[in-house]
Amino acid sequence: MFWLSTLVILFSSITLHEANLAFTNERFLHYRVFMGATLILGFIFIMLQTGGWMEMVNSGVFSGVNTSEGFIYLLTGLHLLHMMGGVLYLSYLFRKAVKNRSYVDSFVYSVNPPNRLRIRLFTRYWHFTGALWLVVFIFLIVLY
């Protein structure tokens, strides 16, 4: 499950990057499509992470009480919370993108500096949480 979720988070970074490019180049239909794809991939990542946790619990990986095992749950749990927050905010951005369907509305939305900053900062946040997951995942592989 964690291998698959790693692929999903990498693909979601690519789709969000493409959405960001489409937004700056005023290709608003592509922007909405890539934002929607990123949102779907974010939901899939959360479901895969939850499934990975259930898989670990059911296989008895963390049957004993150990500080390092608790640390793994803490790392993955905090990352999952950050991704949930990101997916919620991405839902908000996607709703705004769908609301501004006409070219004029989309253009007015895109030239507004706070909107450009909002999307640029969210893209950095998403890429950071994706990179953070890679570090946590490598840590899990090395540890177990």
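Colleague: How many aromatic pairs does the count come to?
Modeller: This is a predicted model. Rings pair if their centres lie within 6.5 Å. By this rule, the count of aromatic pairs is 10.

Colleague: Is the pair of Trp 3 and Phe 137 stacked, tilted or edge-to-face?
Modeller: The ring centres of Trp 3 and Phe 137 are 4.9 Å apart, and the angle between the planes is 90°. Planes over 60 degrees apart count as edge-to-face. The pair of Trp 3 and Phe 137 is therefore edge-to-face.

Colleague: How many residues apart in sequence are the parts that Trp 3 and Phe 137 tie together?
Modeller: Trp 3 belongs to helix α1, whereas Phe 137 belongs to helix α5. The pair therefore ties together parts whose separation in sequence is 134 residues.

Colleague: Is Phe 137 buried or exposed?
Modeller: The relative accessible area of Phe 137 is 6%. Buried means under 20%, so Phe 137 is buried.

Colleague: Is the pair of Tyr 89 and Phe 122 stacked, tilted or edge-to-face?
Modeller: The ring centres of Tyr 89 and Phe 122 lie 5.7 Å apart, with the planes at 45°. Planes under 30 degrees apart count as stacked and over 60 as edge-to-face.

Colleague: Is Ser 5 buried or exposed?
Modeller: Ser 5 lies in helix α1 and touches Phe 45, Leu 48, Gln 49 and Trp 133, leaving aside residues up to four places away in sequence. Its relative accessibility is 0%, so Ser 5 counts as buried.

Methods
Residues numbered from 1 in each chain as written. Predicted model: local features only at pLDDT ≥ 70, side-chain atom pairs only at ≥ 80, totals over all residues. Heavy atoms only, no water. Helix = DSSP H or I, 4+ residues; strand = E, 2+ residues; numbered from the N terminus. Buried < 20%, exposed > 50% of the residue type's maximum accessible area, 1.4 Å probe, protein only. Contact = heavy atoms within 4.5 Å. Phe/Tyr/Trp six-rings, centres within 6.5 Å; stacked < 30°, edge-to-face > 60°.
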